[in-house]
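Trainee: I'm new to this one. Please pick a single part and take me through it slowly.

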Amino acid sequence: MHAESQIREPLIIGNKTYRNITDDIIAPIEGKASKAWYVIFTISVLSFTWGLGCLAYTIGVGIGAWGSNNGVDWAWDITNFVWWIGIGHAGTLISAVLLLFRQKWRMAINRSAEAMTIFAVMCAAIFVTLHTGRPWLDYMLFPLPNQFGSLWPNFNSPLLWDVFAVSTYFSVSVVFWYIGLIPDFAMIRDRAIKPLAKKVYALASFGWGGSVRHWSRFEEVSLVLAGLSTPLVFSVHSIVSFDFATSVVPGWHTTIFPPYFVSGAVFSGFAMVLTLMLIVRKVYKLEAYLTIKHVEYMNIVIIVTGSIVGVAYLTELFIAWYSGVEWEQYAFLNRATGPLAWSYWAMMTCNVISPQLFWFKKIRTSLVATFILSIVVNIGMWFERFVIIVPTLCRTYLPSTWTTYTPSFIDIGIFVGTIGMFGTFFLLYSRTFPVIAQAELKTILKASGEAQKKAAAEHAHH
Amino acid sequence: MNTEKLNFVIPSKAKMLSIALMVIGLICIALMFAFDKQADDPEYHHTRAWANIFAGSFFFMAIGLAAAFFLGLQYAAEAGWATTVKRVIEGVAMYVQWGVSILLLFFILGQLQVHHIYHWMLSGVADAGSQHYDKVIADKIGYFGVFWWIRTILYMIGWSWFTWKLVKNSREADKLDKDTNNSFHWKNIKLGAWFMVVFAVTSSTSSWDWVMSIDTHWFSTLFGWYTFSGMWISALVTITMLVVWLKRLGYLEYVTESTIHDLGKWMFAISFLWTYLYFSQFMLIWYSDIPEEVVYFQTRWESYKALMWTVFFVNFAFPMIMLMSRDSKRNFFFLMFVGTIIFIGHYLDVIMIVMPGTVGHAWTGLSWMELGSFLFFLGLFLFVVLRNLTKAPLLVKNHPFLEESLHHTT
């Protein structure tokens with residue numbers, strides 16, 4: 001017998017039946033898109049196109065088109081790469097780690113969070129492939145047989161570990177996402193009227209029949225993939241942090257980087273999930289499934305991960321002083337008081353102070369406040385990567401090499417383009433895929449539905 | 001339910017064992033002071049003996065502290081699965097008051113210059129005219145001294161208070177006939193969340209103050225989290241082994257196999273967390289090879305090589321291989337076997353952290369001194385924890401997640 005305490009709030013509001021869940025979740029796919037959808041879609045496609053133009057220009061003339069210079073040889077490219085990869089982490093955390101922890105509230109958000117992961121990793125990939133300067137030679141990053149002369153990838157370099165980590169992560173995330181989609185595609189297939197749609201969804205659902213044997217394999221594969229994904233969540237951002245931490249650059253070389261990057265990644269990822277899901281629940285009228293309680297849980301994850309990041313910032317600051325190493329101390333002094341100090345304080349305000357507002361129940365259960373703060377957090381996390389990279393490189397060991405940095409028109413264009421691409425893909429996804437994993441959601445209806453919980457409580461009284 | 005078995009009575013064998021361990025340990029400690037000398041070094045003040053005492057008092061205090069953290073975490077995360085074993089967690093957590101008291105005594109002796117585990121406690125270390133002057137320490141001496149003592153006292157009071165209050169609320173709830181609005185539960189959720197905040201800061205700062213400062217020149221930003229992961233896994237192993245042992249004795253019959261399985265999963269997961277942090281700290285320092293940092297591992301590499309690799313592989317590979325399968329996490333023998341090994345493994349990790357900064361290259365390998373001190377503190381820990389378990393029924397009453405836990409399935 002499975003028991004759920006009465007003090008746990010319901011995760012599905014109202015008197016929903018299995019049929020209602022199907023109808024509510026499939027509605028955006030079967031129905032027509034609203035005007036708002038077309039407006040946002042147009043804006044996304046336009047910025048995506050602009051980004052493509054800037055990207056083509058970069059390939060044409062080389063990365064001299066960017067604001068990067070001799071001292072600051074990494075700037076917006078790597079900032080954006082780390083930012084996007086970080087955003088992706090929430091998807092894996094929600095789908096894998098929360099599955100292992102048997103958190104029922106994940107059922108409402110895992111599908112879209114995983115989709116977000118995949119699109120975010122695609123955006124990140126653009127920056128790493130481009131920043132090598134000659135993207136048409138990027139295949140040399142893979143350890144191909146030695147037919148290109150004596151040039152092999154440098155296995156000692158964390159940049160190469162990144163290639164493996166990110167590509168493994170991407171593949172596993174796609175497989176995980178797709179496995180979850182199979183029963184839902186079958187559901188759409190069974191309801192589809194148009195022959196083309198029926199064919200496409202039939203193909204996509206791999207002949208799912210919903211038999212006990214199918215379910216048992218589905219669950220087993222989900223658990224195995226969750227087990228595989230969990231170390232991946234840690235490894236990917238740890239290896240991204242190694243790109244910095246293995247160096248001897250003050251402000252980059254610090255041992256706390258791996259876990260602190262992972263935590264920061266989950267922090268920004270949850271913020272992005274919130275931004276997207278708050279829109280989705282409103283536009284597609286999914287308030288019954290994405291309740292205030294869900295928002296509150298996500299905000300609590302934001303407090304926890306944000307505070308871990310805050311503790312890490314303070315640890316770095318303290319140890320820089322405690323170490324007695326002059327370079328280390330200057331690196332942090334430069335961040336906080338140097339020419340780009342505004343970016344440091346933007347990071348501190350957005351990442352350390354703003355999430356603490358969620359300690360107030362009023363704020364963490366307010367949709368408007370959550371929406372605003374989720375965007376603030378993402379701005380803060382972008383600045384975190386910027387602060388780590390740019391002010392540090394502006395002032396390294398030799399004062400004669402000190403320089404400044406301003407982004408070019410092209411830098412901004414490519415970044416805006418990836419946001420457009422992300423938006424385009426997400427909007428297309430939300431009209432063709434069920435945005436909530438309905439098959440999984442149905443498994444918690446009996447124990448966590450509002451009406452069902454009430455009935456259970458009354459039953460217990462008699 | 002068998003109500004007789006709700007109140008724990010210490011089996012006489014267990015009591016005898018804990019007392020015997022303490023006696024043997026005490027004899028070893030006494031002998032340690034007689035034998036631990038360096039003939040050619042008049043400055044050597046039984047350093048290894050004192051370092052062993054520190055390792056023992058810190059390791060077991062940390063188990064209590066991490067158990068208190070785990071208890072607070074269950075509340076803050078609204079977790080229901082562990083409700084049936086909550087009293088065991090509480091029993092371990094309540095050791096924290098003993099642990100900090102012993103540490104306090106140890107620190108006072110250091111301040112009185114009885115031992116020199118902390119180089120910065122040496123009188124004249126920040127005084128330019130003194131023969132003990134050390135520029136690196138003098139530059140940061142403001143962090144030590146009085147300020148260090150204020151922090152130390154605050155950690156000790158804070159942790160003890162939170163643990164005491166969390167346990168007290170839990171026991172108070174038992175006294176009520178029926179707690180209709182779960183008042184004590186809500187109190188503990190709030191308290192647990194606050195404790196998480198306090199712990200997040202103090203677990204790091206205390207590890208800098210008490211442990212990292214043994215190698216006073218050295219620094220690592222990850223050190224605090226690394227120490228934390230070590231204490232967390234040690235506490236989980238302790239809790240799991242106690243639960244399994246109590247079940248063997250016929251107590252905790254209502255604890256489902258799934259709960260045991262989940263404890264096993266925690267052991268598995270946090271072993272990986274520890275490995276991840278150990279590897280991150282080691283690899284980054286080894287890779288960048290910056291003199292002021294790498295010196296820490298150089299001492300270990302040169303004089304503690306076997307121990308260093310043993311600690312890493314035992315604490316990493318053992319739980320990974322042995323606890324991977326579902327069946328082993330539900331098997332009492334496996335849990336006890338792996339638990340015992342990694343319990344010792346993590347004690348050796350503490351030895352690994354403490355010795356190179358104190359005994360240094362004079363280290364001759366593990367000996368009866370390490371064993372003796374370990375046995376004494378183990379005996380004391382068992383004595384206190386078993387007594388704690390008798391103070392309240394083993395099953396909580398009036399807990400809103402009790403039903404969930406009684407019917408827990410993974």
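Mentor: Buried here means under 20% relative accessible area, exposed over 50% and partly exposed in between (1.4 Å probe, protein chains only). This is a predicted model, where local features need pLDDT of at least 70 and side-chain atom pairs pLDDT 80 or more, while totals for chains, interfaces and linings use all residues. Residues count from 1 along each chain as written, chains are lettered from A and ligands numbered from 1 in written order, and side-chain values use heavy atoms, without hydrogens or water.

Let's look at H4(B), residues 96-111; helices are DSSP runs (H or I, at least four residues), numbered from the N terminus. H4(B) has 16 residues and spans 22 Å between its first and last C-alpha, close to the 22 Å expected (1.5 Å times one less than the residue count). Its buried residues are Val96(B), Gly99(B), Val100(B), Leu103(B), Phe106(B), Phe107(B) and Gly110(B). Down the axis of H4(B), they fall within an arc of 120 degrees, so they line one face (the arc takes directions from axis to C-beta atoms).

What covers them? Helices H2 (47-76), H3 (86-93), H6 (146-175) and H7 (183-211) of chain B are part of the cover. After H4(B) comes Gln113(B), whose phi is positive, near 65 degrees.

For contrast, look at chain A: Phe206(A), in the loop between H6 (195-204) and H7 (212-245), counts as exposed at 61% relative accessibility. Its phi is positive too, near 55 degrees.

Key:
Helix = DSSP H or I, 4+ residues; strand = E, 2+ residues; numbered from the N terminus. Contact = heavy atoms within 4.5 Å.
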